[in-house]
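Please look through the sequence and the model below before reading on. The paragraphs that follow lead from strands to the helices beside them, and end with a single residue.

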Amino acid sequence: MKSILYFSLVDWFWIKQRPHHIPEILSKNNRVVYLCFSSWRGAKHLVNSNLSEQKYFKRSHFKVNKNLIVIRKKILPPKNMGLLNIAYKPAKSFLDRHIKRYIKKLDSTNKFDILILTSPNQISFFTDDLLSGKFIIYDCMDDYKEFGGTHTEEFVANESRLINVSKRIIVSSEQLYKKLLRYGSDIANKIVVINNAVDIRSFDYQREFKDVNIGYLNDAEKKVAYIGTVAKWVDLELILHMALKHKDIKFYIIGPVSRGIDLRKYEDVENMVFVGVQPYEFIPAILKRVDVSIMPFKKIELVKSVNPVKIYESLAMGKPVIATRYEETEKFGDLIFTYETEDEFERILIDLVNKKESESIINKRIEFAKENSWDRRVEEIEKLWKDF
């Protein structure tokens, strides 16, 4: 049994995805500390973890199970969130020093064998002596350079240092593999592609979901759903055009809305419904009742590196998926439908909402999902330190 520090780039109560599934499953065979940051500001989107854990929502330290501890440390919000610039630098410097000391104390208590870091800037909290003798993994799950605030010399220096000290680098997509090689082809033997996956126990096609209340879904309607963060990469204009042209189809957008996304222009479109964040346990039930799952991403540079979790989850529930066509979505082959243009999207959509699919294609999707579970992904990760 190894002692693992999993340093997550998202709060435990963010929408459940890769940084939650991996440590949760690792805790079956290892002792895991899940360290994350929690803003001083209230965040209404932080309600999407397991309902059974909502009692811990305001806590900074709690146990998920006997082997998994969650620690949520406070950080400052970005400067543009209203904090006076004159006070920001000294406050941030103080908090950074506090976190460094805290991590050192955590290590002293837990004697970590393995450090899994999920963002380059996290390495700044570790001194060389703290890294010595540990099996360090960089789990790179997004093209961080395409997010705001990361185009800095400091970020590049941190990523370079993290790559240098890591025994293994995990990437969630082939595109990320290619992008990390900019740091030198000699690191290729460190990198392993471990795609995203699905929690096959939660996303169980056979389950009835009688205990889940999602009364806003009307089974008499044709229902299409986008599930995920509503951010700059989601093509809301495409959904709007479809909703205006096809009044007989209800379009549900389910998930947190990022700051800066203005939803006012969609308020009067009756068949375009922004549901907001839903508990993780509700997502399988929602998918089971909708007709089509969509992933209408804009083909921006950030998206090209995304191996979409929601495709795996939709397939586990046997649902047809329409997704933007790019390298990572093409890998799903005939299990999903991909598009380049709005007209192509529309043709696929109308065909899918008006036909009954065969049991064979539904079963094919479900079997694929079973082969791509988070349990299997974690088995691959644990093999990385087999000889350590």
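Predicted model: local features only at pLDDT ≥ 70, side-chain atom pairs only at ≥ 80, totals over all residues.

Strand S1, which covers residues 3–7, pairs with strand S5 in the parallel sense, and the pairing runs over 4 bridges.

Which way do the residues of strand S5 point? In this strand, which spans residues 114–117, Ile114 and Ile116 point one way while Leu115 and Leu117 point the other way, and all of them are buried.

We now turn to another sheet. It is an open sheet formed by 6 strands with parallel pairing, and their order is S11-S10-S9-S12-S13-S14. Why do strands S11 and S14 each have one side left without a neighbour in the sheet? Strand S11 (272–276) and strand S14 (337–339) stand at the edges and have a single partner strand each, so one side of each lacks a neighbour there. Between neighbouring strands of this sheet the turn is 25° on average, with direction ignored. One of the pairings joins strand S12, residues 292–295, to strand S13, residues 321–324, in the parallel sense over 3 bridges. In this pairing, methionine 295 stands opposite alanine 323 in S13.

Helix H6, residues 236–245, lies across strand S10 (249–254), S11, S12 and S14, and runs at about 135° to S11. Helix H7, residues 282–289, lies across strand S9 (222–227), S10 and S12, and runs at about 145° to S9.

Two packed helices are described by the angle between their axes and by the distance between the axes. Helix H6 packs with helix H10, residues 342–353, at an angle of about 50°, and their axes are 11 Å apart. This angle makes H6 oblique to H10, and H6 passes H10 in a right-handed crossing. On the side of H6 the contact is made by Leu238, His241, Met242 and Lys245, and on the side of H10 by Glu342, Phe345, Glu346 and Leu349. Sorted by class, the residues in this contact of H6 with H10 are 4 nonpolar, 1 polar and 3 charged.

A further helix pair is formed by helix H1, residues 18–26, and helix H12, residues 374–383, which pack at an angle of about 70° with their axes 9 Å apart. That angle makes H1 roughly perpendicular to H12, and the crossing of these two helices is right-handed. In H1, the residues Arg18, His21, Ile22, Ile25 and Leu26 meet Trp374, Asp375, Val378, Ile381 and Glu382 in H12. By class, this contact of H1 with H12 has 6 nonpolar, 1 polar and 3 charged residues.

Finally, consider glutamate 344, which lies in helix H10. Is glutamate 344 buried or exposed? Its relative accessibility is 18%, and buried means under 20%, so glutamate 344 counts as buried. If residues up to four places away in sequence are not counted, glutamate 344 touches Arg325, Thr338 and Tyr339.

Note on methods. Residues numbered from 1 in each chain as written. Heavy atoms only, no water. Buried < 20%, exposed > 50% of the residue type's maximum accessible area, 1.4 Å probe, protein only. Pairing = 2+ DSSP bridges. Axes fitted to C-alpha atoms, helices over the stretch in contact; angles between N-to-C directions. Contact = heavy atoms within 4.5 Å. Parallel < 35°, antiparallel > 145°, perpendicular 65-115°, else oblique. Left-handed = near helix turned anticlockwise from the far one by under 90°. Nonpolar A, V, L, I, M, F, W, Y, C, P; charged D, E, K, R; others polar.
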